[in-house]
Amino acid sequence: MTAIDLSKIDFAKGNGLIPAVVQDADTLQVLTLAYMDEAALRETLDSGQATFFSRSRGGRWRKGETSGDFLNVVSVTPDCDGDAVVVKVRPVGNACHLNRISCFSEEDAPGLGRIGRLERTIHVRAQADPNDSWTARLMAQGPKRAAQKVGEEGVETALAGAAGDNAELASEAADLIYHLLVLLHARDMVFQDVLDVLTRRAEPAEDQG
């Protein structure tokens, strides 16, 4: 976790507290909004688990102390004014006290966040018994087999796009994306590596004149 300069965090503006937006590091779904005083932020950075200040209880609390639903911290990033932070986490269990993934929605990893959730699922299933999991069985056969499946699914997607209906195309495209993510995992890569390439390609070309 990258260190931050606590002297640049403006706790005074909020009477000793700053808002902390908690976000899933993989799906980017906003999980909850909480508050931190300086002690809670220090403990978060030192322990690697999200720790907050409860305004109702009037004291510090570490998420998961009673529920077991911990928030393992990946990064803490202050905003431009230094009076709020974004805390990216990998949750163990639910973030919401109502036993939901997010305090803001009952939906799990909406939109493109589904890619991150699927990557996490693939990581778990890859360690399962190959007799019980297609993902584990595919991983056990190595990257070449996963690459072969990507090729097969790519052809099926193309055929569906040329002659199938929308439902068939969506289904085949889903199979293609799943097997692509398995291939990336087999090569110790993540979808973010692909997005990084797309980001670089989207940057304006340098002036050649």
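This passage looks at the overall fold of a predicted model and then at how two of its helices, H4 and H5, pack together.

Residues are numbered from 1 along each chain as its sequence is written. In this predicted model, local features need pLDDT of at least 70 and side-chain atom pairs count only at pLDDT 80 or more, while totals for chains, interfaces and linings use all residues.

The protein has six helices and six strands, taken as DSSP runs (H or I, at least four residues, for helices; E, at least two, for strands) numbered from the N terminus. Along the sequence they come in the order β-β-α-β-β-β-β-α-α-α-α-α. With a radius of gyration of 21 Å, well over the 17 Å that the globule rule gives for 209 residues, the protein is more spread out than a compact globule; the radius is taken over C-alpha atoms, and the rule is 2.2 Å times the number of residues to the power 0.38. Buried residues (under 20% relative accessible area, 1.4 Å probe, protein chains only) make up 32% of the 209.

Now for the helix pair. The axes of H4 (residues 143-163) and H5 (residues 166-186) come within 8 Å and cross at roughly 160°; these axes are lines fitted to C-alpha atoms over the stretch in contact, with angles from 0 to 180 degrees between N-to-C directions. That makes H4 roughly antiparallel to H5, the label for angles over 145 degrees. Residues in contact (heavy atoms within 4.5 Å) include Val150, Glu153 and Thr157 in H4, and Leu176, His179 and Leu183 in H5.

Conventions. Heavy atoms only, no water. Parallel < 35°, antiparallel > 145°, perpendicular 65-115°, else oblique. Buried < 20%, exposed > 50% of the residue type's maximum accessible area, 1.4 Å probe, protein only.
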